[in-house]
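Thanks for coming. Let's get the model on screen and walk through it.

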Amino acid sequence: MTDDPPLVLDIDGTLTRPDTWGIDPRVFDPLHEWNGPVVLATGKAFPYPVALCHFAGIPERVVAENGGVVYTGDEVFYTADREAAQAVVEEYRAAGHSLGWGEADTVNRWRETEIAINLEQPIDPLCEIAAAYGLEVIDTGYAYHVKDPAQNKGDGVERIADHVGFDPADAVAVGDSINDVSTFDVVGRSFAVANADDAARAAADEVLEAVHADGTLSVLERIRSS
Ligand SMILES: O=C(O)COP(=O)(O)O
Ligand SMILES: [Mg+2]
């Protein structure tokens, strides 16, 4: 059997169903059967992509928290810490705002290098406070992320490629938002799903006609070896 090219996949907006939460179940079989390395590169906290790999039955190769956490399958690397982002949200809270996830806050509970805020919360005061700490705020379409500008998915993808032993130039990536631009910059071929934001569309080699998992599945169909 011929090898399939290494795959780098974003999660939200890319493996999901349109207009509702959750993974499109049709992605599980192609991921499970992929005859090459699969890397999940996401803005979500570390446990989420690990769980997705686990339940898809594929090796855990994960870039989480927009590059803040990188798991090669053998070793976990941290490229930022949560301290400055935490200080930003303390000030944001002191100004009367909330993160918008409720008390249990499972979005940030296990987050180690950045913090995510619900899109219904005001962004202007968040950006102002973040800038004072040298941090940036990005809008993925799923959350605002307060993060170190140096942390990005692309560097994490390179680290995993180095460990696994593939050339990122041979990899194919699919994504939907500004946090995928750094991934698109390091892989050989990049695709933005039709629901992608302007930054992802501009950075991608090709913008797909189909949205979310439909777009991603169309890429897998095209690039797989048989
Ligand atoms: O966590 C987010 O806001 C987006 O997650 P994603 O990078 O998997 O699209
Ligand atoms: Mg996304």
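Which residues does V39 touch, not counting residues up to four places away in sequence? They are L7, V8, R61, V63, V157 and I160. Contact here is C-beta atoms, placed from the backbone, within 7 Å.

A word on the source. This is a predicted model: local features need pLDDT of at least 70, side-chain atom pairs count only at pLDDT 80 or more, and totals for chains, interfaces and linings use all residues. Residues are numbered from 1 along each chain as its sequence is written, while chains are lettered from A and ligands numbered from 1 in the order in which they are written.

Now the cores. V39, V8, L40, V63 and V157 have the most contacts inside the largest nonpolar core, which has 42 residues. A second, separate core has 17 residues, including A85, L99, I129 and A130. A core is a set of buried Ala, Val, Leu, Ile, Met, Phe, Trp, Tyr and Cys residues joined through C-beta atoms within 7 Å.

Next, K153. UniProt, in an unreviewed entry, places a "binding site" there; such annotations may be inferred rather than shown by experiment. K153 is in helix 5, residues 153-164 (a DSSP run of H or I, at least four residues). Buried or exposed? K153 counts as buried because it has 30 C-beta neighbours inside 10 Å; the cut-off is 20 or more, with 12 or fewer for exposed and partly exposed in between. Beyond four places in sequence, K153 contacts include V63, N66 and N179.

Last, ligand 1. Among the residues around it are D10, K44, Y142 and N179, with C-beta atoms within 6 Å.

Key: Helix = DSSP H or I, 4+ residues; strand = E, 2+ residues; numbered from the N terminus. Contact = placed C-beta atoms within 7 Å.
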